[in-house]
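I am opening this notebook to keep a record of what I looked up, entry by entry, for a reader new to this structure.

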Amino acid sequence: MGVKIEPMSTARGGSVLIGALIVDSLGNGLFLPLSLVFFLKLTTVSLAVLGLLASAATVVTLPVPVWTGTLADRWGALPLVVAAQLLQAVGYLAFSWVKTPAGIFVVSALVAIGVRVFWSSIFTAIADYADYADAGPGQRSKDSWFALANTARTAGLAVGGLAAGAVVASGKVDAYLAIAYSAAASFAVAATLIALFVRVPRVRGEDSPTGQGYRVMLGDRPFIALIAVNTIFAMSSMMLPLALPAFVLRGLHAPGWLTASVLAGNAILISVLGAPVTKLVSRYRRTRILMTSAVLWAAWSLVFAVLVPGHPVWVIPLLIGATLLFTVADVMHAPASAALAAAASPEHLRGRYLAVFQYSWTFASIVGPVFFTQLFGVGRAAPWIALGVIDCAGAVAILALERRLPGAALR
């Protein structure tokens with residue numbers, strides 16, 4: 001299968017790419033906490049209908065990674081990243097105009113498609129950049145680039161989330177509108193920066209039609225197994241922000257400020273620890289890093305399982321200490337999993353492989369809320385015990401999978 005590389009042999013604008021990710025994540029952080037409250041505040045549509053519209057908009061995006069992966073292999077990932085950000089900019093701008101359920105569905109679907117295209121192409125863009133960045137003593141590995149991307153994303157989400165919290169506290173309609181306009185501007189600025197200053201040589205498969213490329217990927221059983229195992233890790237990664245508010249309020253009967261403090265501390269530590277932890281563990285196999293992450297998540301879950309209401313003197317220190325375990329696991333997992341998936345992908349099919357790899361996060365986002373809410377209804381400790389057991393199974397599975405993945409992809 002032929003591979004063609006454009007005459008430009010080195011990538012440029014890495015710092016701009018990471019900076020644009022911060023701006024992009026700032027837009028997400030601004031609006032994600034307000035996604036339902038926004039329309040509840042500015043329209044007469046009920047919360048139940050808004051929930052259905054949001055779910056329907058998400059369902060519409062399920063085929064998007066498949067198309068995105070094909071386009072990334074044919075045209076390169078960067079144009080898709082830019083297009084995704086512009087879609088989100090237009091969608092958030094339109095949020096301030098729509099008032100009917102039909103309009104809300106259309107703009108929500110537009111933003112959701114933009115989000116899905118972005119996450120289905122950004123990792124391919126970063127991996128391509130890492131491959132063709134100027135060589136030298138300070139050259140970063142794929143893991144380092146993914147760690148920087150995760151740090152940038154976390155920092156942007158944290159700052160945006162704080163701003164969104166201030167808007168909710170004020171309750172003013174104009175403040176909600178300002179958030180929509182600010183989010184739109186963030187995505188437009190990020191798209192402009194990447195389009196103007198980031199350059200990556202494009203690698204295109206000359207004779208890899210869509211069906212053939214995906215047949216190759218679906219026949220790659222170790223990679224499919226990697227997606228399945230990473231679904232466990234992805235669900236663990238999103239469980240803290242998903243479950244902590246309900247667990248603190250309903251399970252521990254603790255004040256809301258404890259949730260805000262823990263989540264803020266988690267975001268700050270991810271931003272601070274991302275690069276140094278990735279550098280520290282870079283000598284180890286990526287599969288062993290992921291196994292360690294799973295063990296740390298299991299320990300975090302089991303500590304949460306023993307927490308009970310009415311004993312703040314020891315519960316709060318344990319809660320904070322366990323969250324530190326979660327944070328270290330998250331910092332280790334994010335770059336290692338993305339770099340392992342990229343390194344295990346054939347170069348001419350990288351767009352397809354990494355786009356489909358993102359389904360592990362999609363499946364986790366679908367299963368996670370049901371997993372927590374149903375088990376939490378059984379008992380306060382039930383979801384944490386179950387998650388700890390699943391993480392232990394994930395640790396064993398990734399260790400077993402190590403022998404079947406390409407040797408060059410492990411380090």
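I looked up helix α4, which covers residues 64–75 and has 12 residues; helices here are DSSP runs of H or I with at least four residues, numbered from the N terminus. From its first C-alpha to its last, α4 reaches 16 Å, close to the 16 Å expected at 1.5 Å a residue, where the expected span is 1.5 Å times one less than the number of residues. The model is a predicted one, in which local features need pLDDT of at least 70 and side-chain atom pairs count only at pLDDT 80 or more, while totals for chains, interfaces and linings use all residues. Residues are numbered from 1 along each chain as its sequence is written, and side-chain values use heavy atoms, with hydrogens and water left out.

I then noted the buried residues of α4, which are Val64, Pro65, Thr68, Gly69, Thr70, Ala72 and Asp73; buried means under 20% relative accessible area, exposed over 50%, and partly exposed in between, with a 1.4 Å probe and protein chains only. After α4 comes Gly76, and its phi is positive, near 100°.

**Entry on aromatic rings.** I found that the structure holds 19 aromatic pairs, where rings of Phe, Tyr and Trp (its six-membered ring) pair if their centres lie within 6.5 Å, and planes under 30 degrees apart count as stacked, over 60 as edge-to-face and the rest as tilted. One of them is the tilted pair of Phe39 and Phe95, with 4.9 Å centre to centre and 50° between the planes. This pair links distant parts of the chain, since Phe39 belongs to helix α2 (residues 37–42) and Phe95 to helix α5 (residues 78–95), 56 residues apart. Phe39 is buried at a relative accessible area of 3%, and Phe95 counts as buried at 5%.

I also looked at Trp297 and Phe326, whose ring centres are 6.4 Å apart with the planes at 55°, so this pair is tilted. Trp297 in helix α12 (residues 286–306) and Phe326 in helix α13 (residues 312–343) are 29 residues apart, and their pair links distant parts of the chain. Both residues, Trp297 and Phe326, are buried, and both belong to a cluster linked by ring pairs, whose members include Phe233, Trp300 and Trp384.

**Entry on two loops.** Where does His311 lie? I placed His311 in the loop between α12 and α13, and its relative accessible area of 39% makes it partly exposed.
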